[in-house]
Amino acid sequence: MSSTLFIIAGLPGVGKSTRAAALEAGTGGVRMEPDAWMDELKLDLWDEDRRASIEAMQWRLGRRFLAAGLSVIIEWGTWGRQERLALLEDARALGARVELIWLTAPAEIMLERVTRRGRESPPITMAQIKEWIGLFQVPDADELARYNAVHRH
């Protein structure tokens, strides 16, 4: 069986971690979750430079896992089309299948979930969520056609 890259796309509070944990349990895939690494290293979750470094490190490892026949779960949010397509192209070059899991939720639900988890300091606000909704690049038909499978929840 070939390896699969699962790209989980969505904003904070849409259920990425829940879905990634279920995929990890169900597939045995290696989960790449920057927030967990940042927590473990006692880093500020808002530190975008360190987050970018951790994601780059995770993707270097992820490519090695895919090349070795293991599946990888990217739980970065992947808000941008170019980021998702770069991951797809890299994984395909390694012979892996690529599936997109695109998660959405109403802004009120997103805020309730991130408030309940209490992970960010300062806390995420409704104004930020609304801004981020506008920044997220929704996959179009051309992008969706490139994946081996698409799961939208």
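Predicted model: local features only at pLDDT ≥ 70, side-chain atom pairs only at ≥ 80, totals over all residues.
## Nonpolar core

The largest nonpolar core holds 35 residues. L5 and I74 have the most contacts inside it. Eight elements each supply at least two of its residues: strands β1 (4-9), β3 (72-77) and β4 (97-102), and helices α1 (16-27), α3 (48-67), α4 (81-93), α5 (107-117) and α6 (126-135). β1 gives the largest share, five residues.

I74 touches residues from several parts of the chain. Neighbours within four places in sequence aside, I74 is in contact with L5, F6, I7, I8, M32, W59 and L87.

## Strand β4 and its partners

Five of the six residues of β4 are buried, so this strand is largely enclosed by the rest of the structure. β4 pairs with β1 through six bridges, and the two run parallel. In that pairing, V98 of β4 stands opposite L5.

β4 also pairs with β5 (residues 149-152). Four bridges join these two strands, again in parallel. Here I101 stands opposite H151 of β5.

## A buried glutamate

E55 is found in helix α3. This residue is buried but has no salt bridge. The nearest side chain of opposite charge is R51, 4.5 Å away. A salt bridge requires a nitrogen-to-oxygen distance within 4 Å.

What is E55 in contact with, leaving aside its neighbours within four places in sequence? The contacts are P34, W76 and E83.

Note on methods: Residues numbered from 1 in each chain as written. Heavy atoms only, no water. Core = buried A, V, L, I, M, F, W, Y, C linked by side-chain atoms within 4.5 Å. Buried < 20%, exposed > 50% of the residue type's maximum accessible area, 1.4 Å probe, protein only. Contact = heavy atoms within 4.5 Å. Lys, Arg positive; Asp, Glu negative; His and termini not counted. Pairing = 2+ DSSP bridges.
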